[in-house]
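Thanks, everyone, for making the time this morning.

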Amino acid sequence: MFEAFVLVCLIGTPLSDQNCTQLADTRGPHMTLDQCLARVYEIKQELHLYRPNMEARAYRCDEFTPQTEKQRT
């Protein structure tokens, strides 16, 4: 199972913590990598509706780890 994440930044700005934020998919986890990638594409396509001044710059599909197994740092 995979979780989708998309890095979005203000349009026309360099990559930095001040200009960018990571969006985590709330519909996942997804059963296959292909489903996760399809969700990333969907987020990218709809981004202008919710964050009109931002653009997708990167994405990743991580293997899902249940909350009870995640390590806190």
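This is a predicted model: local features need pLDDT of at least 70, side-chain atom pairs count only at pLDDT 80 or more; totals for chains, interfaces and linings use all residues.

Let me turn to how the strands are put together. In what order do the three strands form the sheet? The order is β2-β1-β3, in an open sheet with antiparallel pairing. Because β2 and β3 stand at the edges, each with a single partner strand, one side of each is left without a neighbour in the sheet. From one strand to the next, the twist averages 25°.

On one side, β1, which covers residues 2-10, is joined by nine bridges to strand β3, residues 54-63, and the two run antiparallel. Within that pairing, Phe-5 of the protein chain stands opposite Arg-60 in β3. Towards strand β2, residues 20-24, there are five bridges from β1, and here too the strands run antiparallel. Two residue pairs can be picked out in that pairing: Leu-7 has Gln-22 in β2 as its bridge partner, while Val-8 is partnered by Thr-21, also in β2.

As a general point, side chains in a regular strand alternate between the two faces of the sheet.

Is β1 mostly covered or mostly open to the outside? It is mostly covered, since seven of the nine residues in β1 are buried, taking buried to be under 20% relative accessible area. For the protein chain of 73 residues, by comparison, buried residues make up 26%.

Now for some values that describe the chain as a whole. Of the contacts between residues at least 6 apart in sequence, 68% join residues that are at least 24 apart. The C-alpha atoms fill a box of roughly 35 × 30 × 15 Å, taken along the principal axes. The protein chain exposes about 5600 Å², and carbon and sulfur atoms supply 51% of that area. As for charge, there are 8 positive and 10 negative side chains, and the centres of the two sets lie 5 Å apart.

To return to the picture I would like you to keep, β1 sits between β2 and β3 in the sheet order, with five bridges to β2 and nine to β3. I am happy to take questions.

Terms used
Residues are numbered from 1 along each chain as its sequence is written. Side-chain values use heavy atoms; hydrogens and water are left out. Buried means under 20% relative accessible area, exposed over 50%, partly exposed in between (1.4 Å probe, protein chains only). Contact means heavy atoms within 4.5 Å. Accessible areas come from the Shrake-Rupley method with a 1.4 Å probe; for residues, only the protein chains shown count as cover. Lys and Arg count as positive and Asp and Glu as negative; His and the chain ends are not counted. The place of a charge is taken as NZ of Lys, CZ of Arg, CG of Asp or CD of Glu. Helices (H or I, at least four residues) and strands (E, at least two) are DSSP runs, numbered from the N terminus. Two strands pair if DSSP finds at least two bridges between them. Axes are lines fitted to C-alpha atoms, for helices over the stretch in contact, and angles run from 0 to 180 degrees between N-to-C directions.
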